[in-house]
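I opened this entry to keep track of what I looked up, starting from the record and ending with the chain pairing.

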Protein chains: 4
Amino acid sequence: MTDETLVSLRRDLHRKPEPAWREFYTTARIVEELESRVDLDELHVGRDAIAAEHRMGVPDEAELTAWYEQACEYDVDESVLESLDGGYTGAVAVLERGDGPTVGLRVDIDGLPRAEADDGDHAPVAEGFRSEHEGAMHACGHDAHATIGIGALEAVAESDFSGTLKVFFQPAEEVVGGGKSMAKSDHLQDVDHLLALHIGLDHPTGEVVAGIDGFLAVRHLEATFTGEPAHAGGHPEQGRNAVQAMATAVQNCYAIPRHSDGATRINAGVVEGGSAANVIPEEARIVAEVRGETTELMEYMHEKAERVFRSAAEMHDCEVETEIGAAAPSATSDQELVDIVADVADGVAGVENILERDELGGSEDATFLMREVQQNGGTACYVGVGTDHPGGHHTSTFDVDEESIGHGIEMVAGAIEEISRKQP
Amino acid sequence: MTDETLVSLRRDLHRKPEPAWREFYTTARIVEELESRVDLDELHVGRDAIAAEHRMGVPDEAELTAWYEQACEYDVDESVLESLDGGYTGAVAVLERGDGPTVGLRVDIDGLPRAEADDGDHAPVAEGFRSEHEGAMHACGHDAHATIGIGALEAVAESDFSGTLKVFFQPAEEVVGGGKSMAKSDHLQDVDHLLALHIGLDHPTGEVVAGIDGFLAVRHLEATFTGEPAHAGGHPEQGRNAVQAMATAVQNCYAIPRHSDGATRINAGVVEGGSAANVIPEEARIVAEVRGETTELMEYMHEKAERVFRSAAEMHDCEVETEIGAAAPSATSDQELVDIVADVADGVAGVENILERDELGGSEDATFLMREVQQNGGTACYVGVGTDHPGGHHTSTFDVDEESIGHGIEMVAGAIEEISRKQP
Amino acid sequence: MTDETLVSLRRDLHRKPEPAWREFYTTARIVEELESRVDLDELHVGRDAIAAEHRMGVPDEAELTAWYEQACEYDVDESVLESLDGGYTGAVAVLERGDGPTVGLRVDIDGLPRAEADDGDHAPVAEGFRSEHEGAMHACGHDAHATIGIGALEAVAESDFSGTLKVFFQPAEEVVGGGKSMAKSDHLQDVDHLLALHIGLDHPTGEVVAGIDGFLAVRHLEATFTGEPAHAGGHPEQGRNAVQAMATAVQNCYAIPRHSDGATRINAGVVEGGSAANVIPEEARIVAEVRGETTELMEYMHEKAERVFRSAAEMHDCEVETEIGAAAPSATSDQELVDIVADVADGVAGVENILERDELGGSEDATFLMREVQQNGGTACYVGVGTDHPGGHHTSTFDVDEESIGHGIEMVAGAIEEISRKQP
Amino acid sequence: MTDETLVSLRRDLHRKPEPAWREFYTTARIVEELESRVDLDELHVGRDAIAAEHRMGVPDEAELTAWYEQACEYDVDESVLESLDGGYTGAVAVLERGDGPTVGLRVDIDGLPRAEADDGDHAPVAEGFRSEHEGAMHACGHDAHATIGIGALEAVAESDFSGTLKVFFQPAEEVVGGGKSMAKSDHLQDVDHLLALHIGLDHPTGEVVAGIDGFLAVRHLEATFTGEPAHAGGHPEQGRNAVQAMATAVQNCYAIPRHSDGATRINAGVVEGGSAANVIPEEARIVAEVRGETTELMEYMHEKAERVFRSAAEMHDCEVETEIGAAAPSATSDQELVDIVADVADGVAGVENILERDELGGSEDATFLMREVQQNGGTACYVGVGTDHPGGHHTSTFDVDEESIGHGIEMVAGAIEEISRKQP
């Protein structure tokens with residue numbers, strides 16, 4: 001059974017979803033919980049938690065300010081909020097318990113910029129913890145991740161763990177923008193073994209994946225097409241139509257040839273253009289992402305996408321500028337940690353099915369942290385904690401079975417303790 | 001030379017452009033000017049000026065409120081503003097001067113939802129009257145039209161005109177949304193002769209078109225595509241991509257076959273869709289307009305566009321709903337008024353070139369008023385007043401040569417007087 | 001009533017439709033008829049009839065040979081056929097009848113490369129004169145035109161006409177490829193007045209248009225896209241897909257902005273590409289045409305089309321070469337000839353409705369001849385002869401009402417005689 | 001070193017490539033070689049070799065006749081040709097050598113309908129064995145496969161092999177049309193162990209893949225769009241443009257969402273449409289194929305493609321009919337045969353690198369035979385024989401290193417003997 005105070009914490013976070021680099025309330029609330037629950041040795045917040053120069057996908061000033069001001073209206077520690085101002089969110093909590101390895105646990109904490117379902121079938125509605133922020137939602141379970149991070153820290157603090165535990169509460173995973181800034185912070189440099197986790201992923205409650213692989217490398221692109229306006233009735237020929245360019249680009253970028261070396265993806269996730277029905281549109285924009293089973297495949301998609309954008313602009317006599325945004329590499333779980341996780345999972349009440357390995361088929365910027373640790377000679381493992389989720393990830397009816405939060409805590413905490421015994 | 005107080009009025013209106021049905025400040029300022037300049041017999045404002053049930057293209061509550069509140073911050077008569085609340089903008093001024101025909105003059109007063117140029121070459125920047133409202137601009141000269149309406153009323157009031165003059169300060173022309181509501185108001189029903197006018201239209205300062213024809217019939221359409229979101233990396237096949245549907249629709253609607261019966265137009269003026277780079281877009285929207293040299297040709301374009309929207313949705317397994325918005329018919333200038341305007345223009349200082357007729361090739365909801373008057377047995381004429389405009393209509397560098405405001409006033413006032421003499 | 005021998009001639013030509021520059025049988029049969037019916041002063045055939053260096057749209061050797069050999073199988077004068085070998089088709093017949101003006105009559109004689117309907121409702125099927133050549137058809141009435149040319153010559157020969165009559169039997173109108181070569185031949189240089197005609201054009205039997213205008217200028221384009229083949233299953237990414245480039249080009253060329261100066265057209269009339277289902281297509285082709293109400297508008301469409309082809313190729317990493325094919329300008333009918341035709345038409349039995357002017361809205365390379373004569377100081381007129389036609393022009397069920405052949409002959413011959421009286 | 005008579009045989013086959021079901025000369029030549037080289041126990045040809053009712057992708061009568069007549073001009077046994085008439089090509093050769101298992105070897109024999117390179121760098125040009133058939137080519141090495149089939153049979157005949165060997169010379173692999181008809185023939189029903197092979201596949205000479213997997217399931221589709229013609233200049237609006245429908249379909253079918261369950265493919269390999277530049281195209285056609293890593297994924301692509309075709313037709317007011325053509329499933333190589341092949345390959349001179357397994361990533365209708373044998377309780381293995389090939393498979397510069405033909409023969413023959421020893 002998941003601890004009731006943790007369920008209540010998760011629901012509070014769910015109620016206040018904050019997208020990438022806007023996790024002001026979220027970070028402050030996490031800090032508050034940590035301080036009240038655990039006797040920490042160190043707690044780094046905001047600028048102190050991350051390598052600020054490696055942040056990617058940071059929204060503009062106005063957007064940051066709006067969310068910051070919203071957070072200020074809640075009852076949280078103002079001094080903590082102030083240390084986050086400007087979009088320096090996230091925290092690293094450190095527990096030192098004598099000799100032993102330094103083990104890291106990374107959980108992500110951001111929400112998504114999408115509306116949550118509002119009909120009565122949706123549990124957060126029925127039980128009163130639906131998002132309070134219009135157009136934002138925890139649609140990928142990061143509210144549960146943050147909660148598991150706190151629960152696991154508490155559990156390890158009460159165990160006979162010997163070594164150092166660092167929990168990384170990472171912002172901005174959804175825009176693959178926060179992973180690198182945590183990977184490059186000093187805090188990660190001495191980590192010997194790293195765990196990361198995700199809830200759901202189409203696995204039901206009671207099912208666990210000891211080691212997840214198959215992360216797609218990903219890169220964000222934003223193409224802005226600029227043409228020339230004209231009166232659409234009076235002089236259509238004087239316009240240079242940026243929306244036609246954009247539409248041509250959308251159609252053709254989804255049609256980039258599949259690649260025999262492995263999986264590729266592209267998505268024109270957000271588009272917009274034009275100003276009024278009677279004006280030939282002079283500007284349009286595509287916010288896209290490309291992915292690949294390997295970094296090479298992602299580069300292949302990127303190169304082709306740029307070609308499509310460029311030619312679509314040229315076709316309609318427009319200009320295009322493509323801004324290259326955040327990116328994340330692929331990574332692999334190390335077998336020794338996979339074995340430990342599988343063993344520990346076996347003893348967790350409620351866990352009934354343990355898969356040794358599975359492919360993610362999506363992207364994750366935890367891979368920055370995993371690769372950093374592995375390049376420093378350490379090991380890393382990405383764990384999947386099954387949960388019954390009614391809607392798919394990123395959809396308006398996504399929700400988690402809170403039972404699985406307990407599974408996650410018990411499993412992760414157990415694995416951390418076991419690591420300190422087996423991998424000194 | 002244009003009267004300096006009128007130049008200053010025009011610049012004040014230019015500074016505060018208000019799009020369709022949001023002309024709160026504009027209407028209040030016009031009322032203020034009228035009251036201070038002319039001894040009117042009647043002045044109808046807001047709900048009293050229009051047939052409210054015929055308004056088209058009215059924005060939503062939130063949008064109206066935001067603009068209303070903005071207007072309240074200016075120094076204008078609050079009681080006038082209150083009578084406009086809810087988007088009931090516009091005014092009708094009436095001058096009674098003994099026996100004679102009832103002559104109408106229609107001028108439109110709304111701005112466009114587009115940003116104004118901000119470099120020093122643009123006169124409103126250089127001379128300090130650039131738009132104060134971000135994303136809004138008088139890019140079609142309606143600031144000058146409102147000014148001409150006031151100036152002409154003043155001039156007629158001081159002349160030996162005999163009859164009744166009604167000046168219609170019409171809102172929402174840019175969305176072809178206000179014309180019908182003025183055409184159907186009681187005020188227009190007894191008008192014997194109607195003049196309407198437009199500045200610019202690619203004619204230079206000093207050139208005049210006595211009678212403009214060739215108005216394209218127009219209709220606004222708004223198509224909303226609804227699909228299904230999915231994680232773009234993890235399960236792209238589970239999405240139903242509304243942006244792909246929209247892009248397919250955009251491409252194909254511009255490709256609707258040209259028609260041998262005459263000119264047609266289509267424009268996907270505003271598009272948008274999707275929520276985040278890593279989510280298969282579940283919703284997208286096209287704000288479009290179709291036009292035709294005749295109403296039949298406009299219907300042809302409308303029918304084809306709906307077919308394109310429907311099939312594009314079907315192709316990507318999405319749904320689409322198309323809302324049919326505002327519309328305007330075509331119309332023709334009557335020869336007897338064209339003759340009068342041409343004669344009067346001949347005597348206006350600064351007018352050097354008089355074209356009897358020209359084609360507009362665009363749309364105008366003045367046609368609702370023109371047809372109403374003509375169907376009631378009266379005559380109507382749409383006059384073009386040339387002005388040097390650096391940028392094209394609806395573009396960010398559009399501006400008028402203020403000299404031509406004087407031409408417009410003198411010509412229109414002269415024609416109104418002449419009508420009262422010749423068409424009793 | 002149309003002469004029965006002429007009806008029978010028309011049906012024979014209908015049975016053997018020959019597309020552009022392949023009118024071997026057709027020319028030979030015309031020559032045979034002329035020689036048997038009229039005592040001509042001169043008869044120029046093949047190379048002697050045209051300025052060979054101005055031929056446009058000539059098919060390749062193999063195609064010419066196939067049609068030539070087919071013509072040889074019919075019972076026609078071999079020496080005539082030999083003079084046409086290599087695609088030098090067409091003829092000019094000259095009648096000298098004393099002093100007076102030189103009057104020209106131009107009729108076109110080619111068929112179209114399209115299949116004819118084969119169900120019993122189609123008169124040529126029911127009455128046994130359907131096309132014998134698979135994939136070719138007289139779908140635009142040029143069989144009737146050739147017949148009218150012969151009938152008019154015969155009628156004028158028997159009249160009291162004074163002057164010189166030249167009848168130009170022009171090849172290759174359908175590809176706008178023959179007009180220029182006749183316009184530039186010596187035979188046209190001394191023509192004072194030129195008549196050209198077309199049957200049908202959506203006017204019923206008994207209706208006549210004295211002067212047709214509004215010819216769209218036209219130009220043919222052929223774009224060849226070249227990419228790189230690859231195994232579509234094994235290595236799709238190694239291909240450069242010429243069919244994707246072509247499809248993108250087709251979609252976007254129909255979407256070239258409409259122009260406010262007047263009518264424009266584009267058509268991707270023939271496309272093809274690829275070699276096998278399992279090979280990424282390495283080559284594709286578009287045979288297109290662009291048109292405009294003026295030559296400038298046609299140039300506008302041409303320039304935009306080339307841009308579309310170029311960018312579509314670039315988008316899919318292909319090359320494109322565009323060959324610019326045949327073209328024709330626009331032209332206007334002169335009023336003095338229009339008046340004469342209208343007068344004469346008034347006296348023709350069966351003609352019940354005479355329109356002075358109408359717009360064609362299509363293209364015609366008769367305009368080359370009209371402009372040549374006009375530039376030399378002469379006058380020209382293009383006459384429309386109504387005919388009930390079940391299917392539209394260029395469709396498989398097109399046919400003419402043979403009654404109207406007689407109208408055409410009587411009207412044209414009458415006009416020629418009248419010209420010699422009125423325009424000495 | 002490959003036997004010189006076999007090199008000469010391969011070159012003769014290369015010179016006369018015959019596409020699917022048109023392998024008249026090829027089959028006759030194979031029969032001739034077999035009869036002269038080996039003392040066979042049975043030889044089944046044409047209708048006797050295949051289950052005729054399972055043929056797929058058979059071309060039309062006229063096409064078959066043209067190729068049949070061409071084959072008749074060569075010096076081959078007429079009675080053999082006659083048994084193939086109507087497109088019943090292929091042969092099964094049987095060798096009985098006492099007790100032991102029945103081993104099958106399947107080789108495919110058809111060419112591709114594509115032109116061969118004709119510059120001097122291309123070995124078949126330089127050495128005088130370039131294709132004699134315009135527009136046809138052995139661009140996938142089936143000339144070498146047929147040769148290996150004969151060579152292996154000869155080698156086994158001379159060995160101490162005990163059991164029965166059946167060599168299946170299969171027609172129509174390139175259209176995945178022949179595999180099923182051989183799989184369903186009686187000859188395959190008693191086969192205990194089946195080998196199939198392919199040369200090249202991007203592996204160099206000297207490299208061998210003991211067991212190939214990852215065959216994509218494949219299905220051929222042919223969509224025919226039917227609209228309405230119209231004069232492209234005179235009445236574009238009266239047309240219903242089948243080429244626009246086809247182009248829209250091509251663009252959107254390549255853009256069908258990628259699937260997270262595995263690899264998918266689509267290719268619009270051949271397209272065509274329209275009749276003339278000045279006619280709105282009334283008909284167009286796409287010859288496509290869909291593939292998937294599993295049959296389900298292929299079905300996913302098929303269903304989406306049909307939706308795209310249907311909606312694209314609807315969009316342009318056209319009809320579409322889709323004919324479903326040939327198809328092939330996926331399959332897997334059995335480990336016990338893979339082991340045998342790997343062992344034998346180790347002893348073949350010139351073979352320097354042995355890969356145990358590799359993925360094909362393409363399709364093959366050998367899978368019909370493999371699955372049939374496996375479902376009957378037997379085992380199957382698909383072997384890759386590396387060869388240096390200058391151009392990719394299916395491209396105009398493809399060619400094989402004839403050295404590798406010897407490798408193939410030695411390896412396959414050796415494996416067959418070994419099977420008879422190890423898998424009695």
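I checked the UniProt record first: an unreviewed entry lists residues 222-313 of chain A as "domain: Peptidase M20 dimerisation". The model I am reading is predicted. Over residues 222-313 of chain A I find 35% helix and 27% strand. The end C-alpha atoms of that stretch are 14 Å apart.

I then looked up the domain assignment of chain A. Domain 1 is given as 4-215 + 331-422, and domain 2 as 217-328. Taken over C-alpha atoms, the centres of domain 1 and domain 2 of chain A are separated by 33 Å. Between them, 12 residues of domain 1 of chain A are in contact with 9 residues of domain 2 of chain A. I sorted the domain 1 side of this contact into 4 nonpolar, 6 polar and 2 charged residues.

Next I turned to chains A and D. How many residues of chain D are in contact with chain A? I get 9 residues of chain D, against 8 residues of chain A. On the chain D side, helix 9 (242-254) and strand 8 (264-274) each supply at least two of the residues. That side of chain D divides into 3 nonpolar, 4 polar and 2 charged residues.

The same surface serves both copies, as 89% of the contact residues of chain D recur in chain A.

Note on methods
Residues numbered from 1 in each chain as written. Chains lettered and ligands numbered in written order. Predicted model: local features only at pLDDT ≥ 70, side-chain atom pairs only at ≥ 80, totals over all residues. Contact = placed C-beta atoms within 7 Å. Helix = DSSP H or I, 4+ residues; strand = E, 2+ residues; numbered from the N terminus. Nonpolar A, V, L, I, M, F, W, Y, C, P; charged D, E, K, R; others polar. UniProt positions renumbered as here; feature names shortened; annotations may be inferred. Domains from an automatic or database assignment.
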